[in-house]
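Hi,

Here is the structure I promised to pass on. Have a look at it first, and then read on for my notes.

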Amino acid sequence: MTDLTSLTIMQAGQKLAAAEMTSVELTRAYLDRIEAVEPQVQAFITITAEQALEQAQQADERRKKGEKGPLLGIPLAYKDVVTTLGVETTCGSRILEGYKPPYTATAVRFLEEAGAVMLGKLNMDEFAMGSSTENSGYKITRNPWDLERVPGGSSGGSAAAVAARMAAGTLGSDTGGSIRQPASLSGVVGLKPAYGRVSRYGLVAYSSSLDQIGPFAHTVEDVALLLEVIAGHDPRDSTSMQTADTGFASSLKQDLKGLRVGVPREFFIEGIEKDVESAVRRAIEKLAELGAAIIEISLPHTQYALPTYYLTATAECSANLARFDGIRYGPREQAGNVLETYRKTRGEMFGAEVKRRIMLGTYALSAGYYDAYYLKAQKIRTLIKRDFDEAFRQVDVIAAPASPTTAFKIGEKVDDPLQMYLNDIFTLSTNLAGICGLSVPCGFDQAGLPIGMQLLGPGFSADRPNAGEALILRAGHAYQHATDWREKTPAL
Amino acid sequence: MATYEPVIGLEVHAELLTESKMFCPCAVVDATSAAPNQHICPVCTAQPGALPVINRQAVEYAMMVGLALNCQINRFNQFSRKSYFYPDLPKGYQITQYEHPIASNGWLDIEVAGSDGQVISKRIGIRRAHMEEDTGKSTHVGDASLVDLNRAGVPLLEIVSEPDFRSVEEIEAYARKLRSILQYLGVNHGDMSKGVLRFEANVSVREAGSNVLNTRTEIKNLNSIRSMVRASRFEIARQTEVYENGGEVKQQTLGFNEVTGETRSQRSKETASDYRYFPEPDLPPLMIDPAWVDELRAKLPELPDAKRGRFVTAFGLSEDDAAVLVSDKAIADYYETGLKAKGDPQKLANWITIELFRYLNEANLEITDLKVGPAQLVALINMVEDGQINNNTAKDVLAIMLEDGREAAPIVEEKGWGLISDTSELEAIIDNLIEGNPDPVHSYLGGKEGLLGWFIGQVMKETKGQADAALVRDLFAKKFDTLREQS
Ligand SMILES: [Zn+2]
C-alpha cells in the first residue's frame, strides 16, 4: 500500500469517496508522518492530534450519512496567523503566547464546514514579517529539501509542511510574497488570491490593504479545490468582494491555446540566480509549446515596489500591532504604571524585525513626514496598479520568477534586513496592485533546490468577469500536467 | 481699562443611540448601569484578526443630525485611524472620520438675550460633524485600573462649531438647543448623567471689538452643560486676568475640576500627541447616495423651531410659553399628548409651565418621571372648567396626584372637595347671612351693589371655599331681587 500522505487532495478525496479508506486512517497517517519528520523540519507551533482525530471521525460520519465534497475528511494545517476558536494562535510571536481566540477565522470556518480536518498550526515569521521563517519567536523551520536551509517565509511552516507531506494542504498568508516565495523555495504550489477574494476576518493583520489568505498544496488542482472553499464574500470583512465568480477547479480543464502570456522585462534583472532565470525561461517556453502566445511586456514602476511596499506595510502594521499591549490577552510584563507596562511588554515580547517595522511605520505616519512617505507611497502604488492594468489589456497572465534565489542557508541573511527584503522583489508589486499570483515548481538548481515560476493574473474589475485566479490556475495546471517536477520529492 | 470678550468654539460629542455599536453587532447599552464587559465581542475588544463593519443606522443618524443642522451631507466618506495608547482604547487606535466627514458647513440659530433684554436670534456656524467610535471606560480603584468595554465602539457624532460664541450664555443656549434637536431626532436621549453628551470648549479672549484671534486653550472632558458653562466662565476670567497683567496665554489642553471649579493643565504625557492619522484600510470609502439623503430629509421629524412656530400660530401661545414647551422633547410630547386628550391649549400650557415645572424643580425630577400623565392633568383642568372644583382646590388635588399617581376625581370625592352646588344648602347659608346682617343688606338695596362681593366672600368663608361662586352670585341676585320687590 502506498503511503497515504503521498496522495494529492484530489486523489485522497477519490479514495475517501470510494470508501477505500477513512478520514481517520488518512489523518492517522499524517499524524504518524508528523511524528516522524517534524523533529527535523519544525513546521508546527501547535499540533492538535486529538482534535484532528475527532474531526476525522465526524467527517467519516458525515460521509456515511451521504455527504460528499472534495475536502470532506482531508487533513490540513493552518498558518498560525489565522484564528482558531480555543486553539492557541500565536502569529509566531511571544506576545500572543497562550492566546486562545474566542472565534474562528472565516476561511477556516468555511474549511471546517466543508469537513476538513485540522492537524495543527504552522510556524511563521513573527506577524508574517520576514522571508525565511527565522523571525519566529518559537523555532526555525527547516527546508525539507535541505535542512540547513530556510523554507522561505513568512509562511515557511505552511510550505514546509506540504513539502514534507505533513499535511495534504495548508493555509498561508501573503502580504508581499509570503505564500509564493516559500512555495518556490520549498518546491510546492502556493496561491495568493486577488485582494478581497478570501475573507480576512480572523487573519491577524500585518498590513490590512495587502494581506490575503491563500492555499498551499502539491498540485495546482489541489490549490484550486482549496480556493473554491475559502473564497467568497463575508459580511464581516468590508474589503471582501461581492462576487459570484467561482468555478476555479472546473476552469482547469481548458487548454492554453490562445492564452496570452506576458513576460515583464523588469523581472529578469541582475541579481537573479542563473539557474532560476534559465528554469523560468524554460518554463515559459513550455507554456508556448502548450499553445500560449508569449508577449514581452513592461511594468515600468517595478523598481519602486520595494520602498512603496515597505512604507505602506510598515505604516499599517504600526497601527495594527498597537493592540498587542498585554492588557486584554497575551503575557503582560507588569510595571509601575500603564505606560511602562506597555513599554516593557512590547519591548520584551516583540522580536527585532517587528520592532523595526513598527518604528519605520510610526515614522512614516508622523506629522511632517506623512506626505513625503506614506502619501507618496500611495501615489506610487496607484502607478504600479496602473502598470498592471495596462499589461492586462495586452495579456491574460504574466509569467516571472517567484524569487530571485533558491533557498538560502539559515542565518545567511538574518543580519542584513535589506538583503532579506530583496528576496521579495518579484512578489511585492502583486500585493500593491491587489492582483493574484501563483507559484508553481518549475525545476531545480544545481544543488537540487526547487525553483518556482510565478504566474500573475488580474484582480477584480467589472470588465473582467473572468476571475484572474481561474486564468493562472489554468496556466499553472497545464504546465504542471506537462512536466514531471513533482516526481522528485525531498529525502527526509 | 480695556474690556475683554471671549471667543469660544464648541465640540459636542453625542453618542448615537443605535441598536448596535458603530462597527460590530454588540448592543448599545447604558454604560452607567450595565454590568461591565457584558456587551463585547471580538471586534470591540480588538481581538487579533477581527474587522470593523460600518453600522448603517449610525450613518443614518449622523446624516439626520447633519440635515437638522443645515449641513451639506458629503458624498465621499472615509474613516481614518487615530493612534494613541490607552487601556480603554482596545485597538490602540480610534476609527474616526478625519479628512472626509459626513457633514459640513451648517448652522444653528440660537436665541439669547440682547443688550436691551429683548430676545435676539444669533446664527452659529457648524464647521463639521463626523462619525467615530467611543472608547471604553476606565475606573481607578486604589492601585488598580479597571476597564469596562461596554462603551467601546458605541457610535459617536462629534459636532464642531465655528468659534462664533461671544458669551457663556451663547454656549449654554447652543448646547441646550443642540441637545433638544438630538432628542427630537431620536438619536440621543440627552441625559448627561449617562454620559451620552460630552463637551469640549476652545476658549480665547481678546479686547472687545478687536478682530484678532488670540491663543486659545482647549477644555476637555466636560460632562454636562453646567460644567461646560462653569469651566468656560472660569477660563475666560483666568485669561482676562493674564492679559490684564500683561501676560501671555499659553496654548494648552485643560481639564476641569468639578470640585474646585477650576481649569487645570493636563499632564503633557497624556496629551502630547501625534495621532498619526491615516485612512482606515479595513473600511473602503463609503459613498453616500444623494437619494438616500433625500429620503432621510423627507423623513425628518418636526424640529423645535418649527414646533414652536406652530404652537404660536395654531394655539395662540406666547413666544415664551411656546419656547419653554419645545425646549425639551419630553415636555413638548407631554403637552401634545395633553392636547389630544382634549385639553385647552392655553390652560394646559399654563398648568405645565407653572404648576408642573414648580414641582419638577422642587423635586429635582424630569417630566418623564411624573406619576401624572398628560391625560390625567387634562382631566383635572377640565374639572375646574366644569365647575366641579375651583382653581385653588385643583392645585391641592394636583399635589396629591403627583405624590400618589391617582386620578383627580376620586381624590376630590374622598376629600369632599367638590364645589357645593346644592342650591338648597347654599340658600340656607345665604338666608342666614341676610338675616344676620341687616345693615349691609340695607346698604346694598340702597344702591351699594359693590357689597355683593362681600356677601359672596362670606359664603365662601362659611363653605371653606367650596361653594360654586357663580351659583352663589346668581342666588344672591335672586334673593335681593325678591327683597327689593317686597320692600
Ligand atoms: Zn462588539
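**Two domains in chain A**

The C-alpha centres of domain 1 of chain A and domain 2 of chain A lie 26 Å apart. Bear in mind that this is a predicted model. The domain assignment puts 4-299 + 383-487 in domain 1 of chain A and 301-382 in domain 2. Where they touch, 33 residues of domain 1 are in contact with 29 residues of domain 2. On the domain 1 side, the elements that give two or more residues are α12 (371-394), α13 (417-422) and α14 (428-433) of chain A. Of these, α12(A) gives the most, with five residues. By class, that side of domain 1 divides into 16 nonpolar, 10 polar and seven charged residues.

**A helix pair in chain A**

Next, look at α7 (residues 220-230) and α15 (residues 468-482) of chain A, whose axes are 9 Å apart and which pack at an angle of about 155 degrees. Anything over 145 degrees counts as roughly antiparallel, and α7(A) and α15(A) are therefore roughly antiparallel to each other. From α7(A), the residues V220(A), E221(A), A224(A) and L227(A) meet E469(A), L473(A), G476(A), H477(A) and Q480(A) of α15(A). That contact has four nonpolar, three polar and two charged residues.

**Where chain A meets chain B**

Between the chains, 35 residues of chain A are in contact with 25 residues of chain B. On the chain A side, α9 (305-320), α10 (338-349) and α11 (352-365) are the elements that give two or more residues. The largest share comes from α9(A), at three residues. This side of chain A has 20 nonpolar, eight polar and seven charged residues.

**Chain B and its helix α12**

For chain B, the domain assignment gives domain 1 (4-294), domain 2 (302-415) and domain 3 (423-486). The C-alpha centres of domain 1 and domain 3 of chain B are separated by 69 Å.

Helix α12 of chain B (residues 408-415) is worth a look too. Which of its residues are buried? They are A408(B), I411(B) and V412(B). These cover an arc of only 100 degrees around the axis, so they sit on the same side of α12(B). Among what covers these buried residues are α10 (374-385) and α11 (391-404) of chain B. The face of α12(B) turned away from the buried side carries the exposed residues P410(B), E413(B) and E414(B). Just after the helix, G416(B) takes a positive phi of about 65 degrees.

Cheers

Notes. Residues are numbered from 1 along each chain as its sequence is written. Chains are lettered from A and ligands numbered from 1 in the order in which they are written. This is a predicted model: local features need pLDDT of at least 70, side-chain atom pairs count only at pLDDT 80 or more; totals for chains, interfaces and linings use all residues. Two residues are in contact if their C-beta atoms, placed from the backbone, lie within 7 Å. Helices (H or I, at least four residues) and strands (E, at least two) are DSSP runs, numbered from the N terminus. Ala, Val, Leu, Ile, Met, Phe, Trp, Tyr, Cys and Pro count as nonpolar, Asp, Glu, Lys and Arg as charged, and the others, Gly among them, as polar. Domain bounds come from an automatic or database domain assignment. A residue is buried if 20 or more other C-beta atoms lie within 10 Å of its own, exposed if 12 or fewer, and partly exposed in between; C-beta atoms are placed from the backbone. The arc is that of the directions from the helix axis to the C-beta atoms. Axes are lines fitted to C-alpha atoms, for helices over the stretch in contact, and angles run from 0 to 180 degrees between N-to-C directions. Angles under 35 degrees count as roughly parallel, over 145 as roughly antiparallel, 65 to 115 as roughly perpendicular and the rest as oblique.
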